[in-house]
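Subject: Structure for you to look at

Dear colleague,

Here is the structure that I promised to hand over.

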Amino acid sequence: LRLSVIEACNFRCTYCMPADQVPEDYGLAAAGRLSFDEIETLVRSFARAGVSKLRLTGVEPLLRKRLPELIARLSRVPGIDDLALTTNGSLLAAQAGALRKSGLRRLTVSLDALDAALFRRMSGGRGEVETVLAGIQAAMEVGFASLKINCVVQRGVNEGQVLPLVEHFRHSGHVLRFI
């Protein structure tokens with residue numbers, strides 16, 4: 001089960017939430033979101049139906065207030081054996097420890113370029129590659145051994161980043177995936 005916990009993002013990647021098409025405050029209104037109680041009820045129902053894997057997404061789930069509290073609740077749902085989260089990594093350094101302590105076991109981080117200028121451009125001028133790399137490092141330091149790193153490759157944009165990413169993550173234990 002993939003479950004979106006928030007529809008907001010702090011990036012404006014051209015392939016996902018381009019700034020010229022997505023309002024600045026999109027997804028920030030709490031009124032349109034499921035409460036933690038509603039999310040837990042939904043997950044319990046899916047678990048009773050045989051779902052054992054849960055991936056928390058959003059556009060950027062780390063923007064959801066009190067996310068570790070939700071993860072702690074979901075990690076205790078009988079039948080959920082695999083709890084993961086997908087993030088752009090920009091807020092990960094500050095939250096990695098709390099996420100791990102709350103019961104999160106797997107992380108996927110989106111990273112489309114190692115080149116700082118290209119990364120910033122691809123994130124709509126909002127992201128810093130060093131911040132994402134610091135988040136990955138922080139996650140490793142708190143016990144996330146093998147992360148999945150997703151790279152959306154776009155012809156004419158970042159295909160030149162494939163080999164630098166391969167070299168950077170070679171022998172790291174992380175799984176690098178090109179989408």
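This is a predicted model: local features need pLDDT of at least 70, side-chain atom pairs count only at pLDDT 80 or more; totals for chains, interfaces and linings use all residues.

Residues are numbered from 1 along each chain as its sequence is written, and side-chain values use heavy atoms, with hydrogens and water left out.

**Overall layout**

The protein has 6 helices and 6 strands, where helices (H or I, at least four residues) and strands (E, at least two) are DSSP runs numbered from the N terminus. Along the sequence these elements follow the pattern β-α-β-α-β-α-β-α-α-β-α-β. Of the 179 residues in the protein, 44% are buried; here buried means under 20% relative accessible area, exposed means over 50%, and partly exposed lies in between, with a 1.4 Å probe and protein chains only. The accessible surface comes to about 9000 Å², and carbon and sulfur atoms account for 54% of that; such areas come from the Shrake-Rupley method with a 1.4 Å probe, and for residues only the protein chains shown count as cover. If one takes the contacts (heavy atoms within 4.5 Å) between residues at least 6 apart in sequence, 73% of them join residues at least 24 apart.

**The sheet**

The 6 strands form an open sheet in the order β1-β2-β3-β4-β5-β6, and the pairing is parallel; two strands are said to pair if DSSP finds at least two bridges between them. At the edges are β1 (2–4) and β6, each of which pairs on one side only. On average, neighbouring strands of this sheet are turned by 20° against each other, direction ignored, with axes taken as lines fitted to C-alpha atoms (for helices over the stretch in contact) and angles running from 0 to 180 degrees between N-to-C directions.

Strands β1 and β2 run parallel and are joined by 3 bridges, and L3 has L56 in β2 as its bridge partner. Further along the sheet, β4 (residues 106–110) pairs with β5 in the parallel sense over 3 bridges, and β5 pairs with β6, also in the parallel sense, over 4 bridges. N150 takes part in both places, as S110 stands opposite N150 in β5 and N150 stands opposite R177 in β6.

As a general point, nonpolar side chains in soluble globular proteins tend to be buried together.

L74 also belongs to the buried residues of α2, which include L67, L70, I71, A72 and R73 as well. Among the elements that cover the buried residues of α2 are α1 (36–48), β2, β3 (82–87) and α3 (92–101). Not counting residues up to four places away in sequence, L74 touches I39, E40, V43, L54, L56, I80 and L83.

**Single residues**

T57 is found in strand β2 (residues 53–57) and counts as buried because its relative accessibility is 11%. Leaving aside neighbours within four places in sequence, T57 is in contact with R2, L3, S4, V5, I6 and T86.

N158 sits in the loop between β5 (148–151) and α6 (162–169), and with a relative accessibility of 1% it counts as buried. The side chain of N158 reaches the backbone oxygen of V152 at 2.9 Å. Apart from neighbours within four places in sequence, N158 is in contact with D112, L118, M122, C151, V152 and V153.

Two other loop residues are exposed. R66, in the loop between β2 and α2 (67–75), counts as exposed because its relative accessibility is 53%, and its phi is near 60°, a positive value in a residue other than glycine. H171, in the loop between α6 and β6 (175–178), counts as exposed at 77% relative accessibility, and its phi, near 65°, is likewise positive in a residue other than glycine.

Key:
A polar contact is a pair of N or O atoms within 3.5 Å; within protein, one must be able to donate a hydrogen and the other to accept it, and residues adjacent in sequence count only if both atoms are side-chain atoms.
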